[in-house]
Structures are given as structure tokens and as C-alpha cells.
Amino acid sequence: MKRFVRLFAALPLGLLLVCGAVPAWAASVVSDSPGPVFISYPSAIGDGQAFTFSVSVPLEVEKMQVLWRGKQIALPLEKHASGRFRVGYCLLAVPLDETGEFPVSVRFPKKTAPPLRVADVVAEFERVLQDGNHVQVEDLPLSPVRIVPRPYPVQKLTVPPKYVAPPASEQARIERDRKEMNAALGHFTPELYWKPANGAFMLASPGTTQITSYFGSRRVFNNQPRSPHKGLDLDGVEGDAILACAPGKVVLAADHYYSGQVVVLDHGLGIKTIYMHLSAINVRPGQMLKAGEQLGLMGKTGRVTGPHLHLGFNVLGTSVDAADFLQGLVPPQPSEPEAAQPGISQSGILQPGQAQQGVSGAGNAR
């Protein structure tokens, strides 16, 4: 269910920009609006998922912020093709295993705060009453997003012992790798390289679509539980071309202990894609790539059981399920021809409400 908001009345005070000068935020909105503000976002989302937060605002509104989970995102606003209003989009994320409700709100600088008419709200409220898929609110902050727990499979894997209990000689390298990855994922680019189509963010295929291991899988290596899987594993042949899922800048191209040869692309506004276990890297940090441009070759470097691509999707520092944004994915093949994959939908995405069952040793994985 999507929340569809048409706003008027008071805007709350007290929030600051992440960096730069702090504007005076609007305390209220007056009458005689040139047009309403529309905000669209889901009323509920699963843990480990990202969602699109989209707005349309009058032309005179040139800046606004979205506030979500302690982060303040300056939302880029572009003039719509009609020339009559501005639109903006971003992705927001929910970590694995979170529950409850998360507040979300927006802020406008005072000089561009959109004045909205009561008539706009009344007309929209009448329409909303006839449409159960939309929720109308009047005051900021907006209605919270409810987090729905998703079932995740258990996956048991066997790897060389050094990848379960690394020797002391590798600990310094592992710590350097961790800091390097955190720096890459923590970097924030205020512009958006990746433009949504019709308000939806979609990834291109990275060159392979056969899933062997799901995001969120509860990993057991050599009979020892480890942290959940933070990516989507896609099968292939060593040496297959790996392609950029969307336009972006290379912010990491390195060789890590667990991840093997890895590339991280920054797509702007806190959106990153991560490509692990490559046999070769064809790009360098700072390089701009187009969607579909080759960045490396599939391999089996790092902690793996065979050749595959670990595709990670990170939004504002939170790992989320890339399957929600990739089209044409093929679910894992069952080990027995007549067996079903329990807990996994035909679309290849774990759906809330499905029974949690174990998927043991399905394909190659990290």
C-alpha cells in the first residue's frame, strides 16, 4: 500500500542541514497556493528493503529535505517536462531485522515553503476516501512507515577453515578491508547519477540473472552461524563479463580477504552497488561508468564455494535487497526436480508472510 499525501498547514521546526549554511525553516504555510504538494511512499515495508520516496511540488519550491532514521537528505528537485511543477525522488532503507514503525518527514526552507489551500486538501480527502490504497494526512511529520518482518532462509555452506577462523596474520588486512569498505559506503554524493524511470528505480542486469543465494539468508559456515548474507548471489561462469547496473562513479576497486576482488559504484544520493569475488577488475577509482559498461569479470576470489557474483545494494549505509530493483531474475533450481523452494516466491523475492524454511547449500555463495 502506498501513502499518497497532499499537504497543508504547519511545518515543524528544529532540524538542521547535514552540512552548509542552515536556512530558516518554515513555521507555517499560508493560503492562496499555486498548487499542492504530493508525496508518495509505502505505508509498510519489509525489513531489509528499500523504497522510493517521491514528491511533486510547485515551481517556486527549489529545495527540500527528507528526514528518515536520523538522516537528513537534501532532495534534488527538477522541473517536470510539463514545466508546471518540480519532482524529486530518493531511496530510503530499512535494515535487516528491524521492527516497529519509523517516522518520516519533510522540510522546506522558509522562503520557498509552499502555501497550500484548504480547498486542495478537501478535494483530495474526498478522493482518498474512495481509494483505499491512499492515505491523506494534513500535518508534518508524515505518517510513519510500518516495518513488516520478512522470513529469510537458512543456508549451510562449507568453505576453507581460514575463512571461518582467519589466522592472526590476516587480521590487520581484514581490518583495513573493513575500513576501506565502510569509507566507500559512507561517502555521500548529493547529486543523483541514476535517474528513475516513471518514478521507479530499476537496475539493469549485471550480466547474469540466476540466483544461487538470497539477501538476508541466515548463513552457517562449516556448522558455525555467521552474520546474515548482505547481498544477492548470481551464478555464472568464471570470466563472464560483469556490468554496471546503473550509471555511477567507481569509489572502490580493491582486493579484499573475504570479498575477493571487489568494485563499489556510487550512484548518488547514498545509493551504491557492490560487485564481489571478481577474477579481474577493469576500472579504477574515480572513473564514471554508464549502465551496462563492463567493470570486471566473474570469479571465485575471497570466501566462496565456486564462481559467482555477489551483488550488494546499499542505501544510505544500509544493506538492502537488490532483488527488489532487478528485473528478470531466475530463482534457484531445487535440488530435486519435483521439490519446491520453500519460503521463496516464483519471482525470486522472499515475500512477507511466507513460511521460513531452510535452503541448504543452494549453489555457490559468499
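Colleague: Which strands form a hairpin with two residues between them, and which residue in the turn has a positive phi?

Modeller: In this predicted model, β5 and β6 form that hairpin, and R69 in its turn has a positive phi of about 50°. R69 lies in the loop between β5 (65-68) and β6 (71-74). The positive phi is found there although R69 is not a glycine.

Colleague: Which residues does R69 touch, not counting residues up to four places away in sequence?

Modeller: With those neighbours set aside, R69 touches A93, P95, E98, F102 and T318. A distance in space may also be read beside a separation in sequence: R69 and P103 are 34 residues apart along the chain, and their C-alpha atoms are 7.4 Å apart.

Colleague: In which sense do β5 and β6 run, and how many bridges join them?

Modeller: β5 and β6 run antiparallel and are joined by four bridges. Within this pairing, V66 stands opposite I73 in β6.

Colleague: Which residues make up strand β9, and how does β9 pair with β5?

Modeller: Strand β9 consists of residues 100-107 and pairs with β5 in the antiparallel sense, over four bridges. On this side, the bridge partner of V66 is V106.

Colleague: Where is H277 found, and is H277 buried or exposed?

Modeller: H277 is found in strand β19 (residues 271-281). H277 has a relative accessible area of 0% and is therefore buried. H277 has a positive phi of about 70° although it is not a glycine.

Colleague: How many helices and strands does the protein have, and what share of its residues counts as buried?

Modeller: The protein has two helices and 23 strands. Of its 366 residues, 51% count as buried. Among contacts between residues at least 6 apart in sequence, 73% join residues at least 24 apart.

Colleague: How many residues are in the largest nonpolar core, and which have the most contacts inside it?

Modeller: The largest nonpolar core has 62 residues, and those with the most contacts inside it are F53, L92, V104, W194, Y275, L295 and F313. Strand β4 (residues 50-58) gives the most to this core, with five residues. A second, separate core has nine residues, including M181, A184, I274 and M276.

Colleague: Which residues is L295 in contact with, leaving aside its neighbours within four places in sequence?

Modeller: The contacts of L295 include I242, L243, V263, Y275, L278 and L289.

Conventions
Residues are numbered from 1 along each chain as its sequence is written. This is a predicted model: local features need pLDDT of at least 70, side-chain atom pairs count only at pLDDT 80 or more; totals for chains, interfaces and linings use all residues. Side-chain values use heavy atoms; hydrogens and water are left out. Contact means heavy atoms within 4.5 Å. Two strands pair if DSSP finds at least two bridges between them. Buried means under 20% relative accessible area, exposed over 50%, partly exposed in between (1.4 Å probe, protein chains only). A nonpolar core is a set of buried Ala, Val, Leu, Ile, Met, Phe, Trp, Tyr and Cys residues joined through side-chain atoms within 4.5 Å.
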